[in-house]
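Please keep the sequence and the model in view while reading.

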There are 2 protein chains.
Amino acid sequence: MGGHGGASRLDTARIRAARRAINPILLNTPLYRCQALTPGLGCTVSIKLETANPVRSFKARGTELVTTGLAGTGSTAVVCASAGNLGQALAWSGRARGLEVTVVASRFAPAAKLDRIRALGARLELVDGDFDLARQRAAALARHDGIRLVEDSLDLETCEGAATIGLELADTAPSFDAVLIALGGGALATGVGHVLKALAPHVEVICVQPLGAPAMTRSWQQRRVVTTASTDTIADGVAGRHPIPAVLNDLLQVADDAVLVQETSIIAGMRMLLHHAGLIAEPSAALGIAAILEDRDRFAGRHVVTIVCGSNVDMAAYHRWVGGAHVPRR
Amino acid sequence: MGGHGGASRLDTARIRAARRAINPILLNTPLYRCQALTPGLGCTVSIKLETANPVRSFKARGTELVTTGLAGTGSTAVVCASAGNLGQALAWSGRARGLEVTVVASRFAPAAKLDRIRALGARLELVDGDFDLARQRAAALARHDGIRLVEDSLDLETCEGAATIGLELADTAPSFDAVLIALGGGALATGVGHVLKALAPHVEVICVQPLGAPAMTRSWQQRRVVTTASTDTIADGVAGRHPIPAVLNDLLQVADDAVLVQETSIIAGMRMLLHHAGLIAEPSAALGIAAILEDRDRFAGRHVVTIVCGSNVDMAAYHRWVGGAHVPRR
């Protein structure tokens, strides 16, 4: 893609080194072909499973780096805004290192995520608005209290932590043609994309975002930050409105494509992962399957890796999505 | 337990060597504390997850050994009886090595398991009876065709393959007090139990079987083979009636206890794994949680590992079990 706006902030050697700071139970996650998905999707699908860990998402790879870094500085407190998964991860990593963790989240975030943040011992503050309002509030708290603010995707540790997934894909998958990555703030896409462009440049890096929360995708398409006034998607984990310029710059250098998918496809993707892979996926984790469903010709006969990046769902909502009669069957 | 009936057939050095014959994607499966289960169970629970692989159960660890061993012998065909998971595993391992695989199963086995056996390219023969009838038929086929019969739990490879899970528990879990193991034919329990008694002898090895299929547990209790006339359990993966004497002998040397659980506890266990761990478990894979639910005092405050050994369920049945009447899909 070339160097829009200057060099990437990401560095493969730093990412390799980062692995040492991450609790090993988060690393070397399952990666396997799921043949049962092939008849419905028309391609070979390998799953990179990031849900079989204490926080049920990939986010703790990054919070391990953040909190390991803090340990040497004398800091005893840290705050982040979170759609729900970063907060759990920071609470988990922070607790292990004796840090006082504050998480700011939208009161509309899934109750399951909020409950788990509290259960992991963090202080949870709710804002009466969306993730971008939570970001503002977390920044204000950090300024006021003089403590470390963790900003998802902006803070390099969050990108480097996610990028370690890319190392595992490059090291263990003998050959695949494309990787489908959920696109929200951009840490996962820029991190994994950077490593694959460095170590497996033949792999097509495709970002997937909901049509109802398209800010980063529109920004990538127009090569400048595009914001939206609102979001409307069940994929709460990727529903931001204000892309971060530095992250967009990184993304422009590694993403081969960014596509938008419909809510019905996300739901169909969750149902396919349940019925054919036996996996609970939160909506953001089904974006890759949704992208295949919406463009089968593009992927026909190819070998595609999709990162199942989280499984934190409210079960009542999940049952409505995957069990409801109104949703077209696959 | 001492040497009832002679030495165990299992050997830790052989089990260590066996790892090299197993496709690495089956090894080093996730092992993590699931804190969200603690409030409901009153103890610390770590999950050893054996479902995030191409056959969604631990059985392929054993079939890798069987088929690797066959590769040097000139054999081109192999047959097994299966409750459903061994058949998938043998089909998967056999296909990778160009073997012709025949699986004999009960026509009452879950359709999802039978469909997957066929999809993996095996010839599937159904018998109008239970697993023990399938065993007889598979043995007759092997004699008639002069091909290798794989007998789950009797054939040492199936025990040694399962035993590699024990190595991973001993190597990576810093400290736990007990392991809960689904008990059916006995390969998983004898294999994992043997390794833990050798490498982590402080760990209590507890086998769990359904009250509706108690043959092996009764045999362990009475230290002699006890058969039953029938089985009545949703845990299809462990529903045998005729324990194998050599396997019982191995089990007597490593199991500290064998307990029986009710169907309602198995269902409650599946529901807890879904709601608090985000995991689809087949009934056999929820036996460990069921055992905790039935005897909370025994486990209070302890650290328990449970092996989630399979996720192959018919979704309609699964929804009935975990979702109640309001989720009638498929």
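B:Asn28 counts as partly exposed because it has 15 C-beta neighbours inside 10 Å; a residue is buried if 20 or more other C-beta atoms lie within 10 Å of its own, exposed if 12 or fewer, and partly exposed in between, with C-beta atoms placed from the backbone. The model is a predicted one, in which local features need pLDDT of at least 70 and side-chain atom pairs count only at pLDDT 80 or more, while totals for chains, interfaces and linings use all residues. Residues are numbered from 1 along each chain as its sequence is written, and chains are lettered from A and ligands numbered from 1 in the order in which they are written.

B:Asn28 is not a glycine, yet its phi is positive. A:Arg56 likewise has a positive phi and is a residue other than glycine. A:Arg56 counts as buried, with 30 C-beta neighbours inside 10 Å. The table sets out both residues; the elements named are DSSP runs numbered from the N terminus, helices being H or I of at least four residues and strands E of at least two.

| Residue | Phi | Loop |
|---|---|---|
| B:Asn28 | about 50° | between α1 (12-18) and β1 of chain B |

**Chain A and its domains**

Chain A contains 14 helices and 10 strands. Its radius of gyration, 18 Å, is close to the 20 Å that the globule rule gives for 330 residues, so chain A is as compact as a globular protein of that length. That radius is taken over C-alpha atoms, and the rule is 2.2 Å times the number of residues to the power 0.38. Of the 330 residues of chain A, 59% count as buried.

An automatic or database domain assignment divides chain A into domain 1 (12-57 + 156-323) and domain 2 (60-150). The C-alpha centres of these domains of chain A lie 22 Å apart. Between them, 27 residues of domain 1 are in contact with 23 residues of domain 2, contact meaning that the C-beta atoms, placed from the backbone, lie within 7 Å. Helix α7 (residues 156-172) of chain A gives the largest share of the domain 1 side, six residues.

**Core and covered helix**

The largest nonpolar core has 241 residues, and A:Val208 and B:Val208 are among those with the most contacts inside it. Such a core is a set of buried Ala, Val, Leu, Ile, Met, Phe, Trp, Tyr and Cys residues joined through C-beta atoms within 7 Å. Beyond its neighbours within four places in sequence, A:Val208 touches residues including A:Ile181, A:Val259 and A:Leu287.

Helix α10 (residues 245-254) of chain A is mostly covered, with eight of its 10 residues buried. Those buried residues pack against α8 (187-199), β8 (204-210) and α9 (215-222) of chain A.

**The two chains together**

How many residues of chain B are in contact with chain A? There are 26, and they meet 24 residues of chain A. On the chain B side, β1 (31-33), α5 (111-119) and α14 (315-323) are the elements that give two or more residues.

How values were computed: Two residues are in contact if their C-beta atoms, placed from the backbone, lie within 7 Å.
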